Amino acid sequence: MLFPRLETAPITLGDDRGKVEILYETDRVVLKRSSSSAGVFRGLHRQIAPHLQDKIIRVISGRIIDFVTNPDDPEDPIWHSEIGPEDGWVHIAAKYAHGFYALEDVVFEYFCEGGYMESAEESWYIAPQVTEMLGGRPLLLSDKDQHGTPLPRPLKQAPDHVRRKDAE
Ligand SMILES: Cc1cn([C@H]2C[C@H](O)[C@@H](COP(=O)(O)OP(=O)(O)O[C@H]3O[C@@H](C)C(=O)[C@@H](O)[C@H]3O)O2)c(=O)[nH]c1=O
């Protein structure tokens, strides 16, 4: 058939933070949309080999502070950058653990190259540094993220060229 319909129905998973919609999924790619209330922090997450996942992310509405770091490199700080809809798509390479803080109610979309494998996911806990950066504002975290592995390394503002080029 010239225009075959694909056999994937969207799945919506909700919790206290908002929801995650799995819009399209195969074992090689995933398209997702998450909605987060202001004050939610998701992450930091990454999948380990052989289930590596590159992520291409964008903010549809609202504003986030995005965070990335390479957990394997003890010299790497946790880079952060404020991102809104005007920034378009941003590439997060598979080696980076990634997370974000919702400054406002946020709709966030991401395309993953590499399928989702929960057992291959690492969760890193950086809430103390993020709370300090935000002047003591409490973060709304999932139970999984509350129990992530502490990563007590410093935060550093990412220059624009680092966010756009070196996050590869
Ligand atoms: C991400 C994801 C979650 N789920 C399920 C697992 C769980 O029941 C529910 C919520 O999952 P999580 O709490 O991991 O969702 P969330 O905290 O939104 O996870 C996301 O965080 C950001 C920072 C990222 O970088 C993403 O790659 C992803 O890890 O949805 C899937 O079935 N497929 C998926 O691809």
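An open sheet is formed by 7 strands in the order S12-S11-S4-S9-S6-S7-S13, with mixed pairing; strands are DSSP runs of E, at least two residues long, numbered from the N terminus, and two of them pair if DSSP finds at least two bridges between them. The model is a predicted one, in which local features need pLDDT of at least 70 and side-chain atom pairs count only at pLDDT 80 or more, whereas totals for chains, interfaces and linings use all residues. Residues are numbered from 1 along each chain as its sequence is written. The edges of the sheet are strand S12 (149–150) and strand S13 (155–157), each of which pairs on one side only. Strand S11 (residues 121–125) runs parallel to S12, the two being joined over 2 bridges, and Tyr125 has Pro150 in S12 as its bridge partner.

The largest nonpolar core comprises 24 residues, among which Ile64 and Phe67 have the most contacts inside it. Such a core is a set of buried Ala, Val, Leu, Ile, Met, Phe, Trp, Tyr and Cys residues joined through C-beta atoms within 7 Å, and a residue is buried if 20 or more other C-beta atoms, placed from the backbone, lie within 10 Å of its own. S9 provides the largest share of this core, 4 residues.

Around the ligand lie 16 residues, the closest being Leu13, Arg42, Gly43, His45 and Tyr116; a residue is near a molecule if its C-beta atom, placed from the backbone, lies within 6 Å of it. Strand S2 (18–25), strand S3 (29–36), strand S4 (41–47) and strand S9 (97–102) are the elements giving two or more residues to this shell.

Note on methods: Buried ≥ 20, exposed ≤ 12 C-beta atoms within 10 Å, placed from the backbone.
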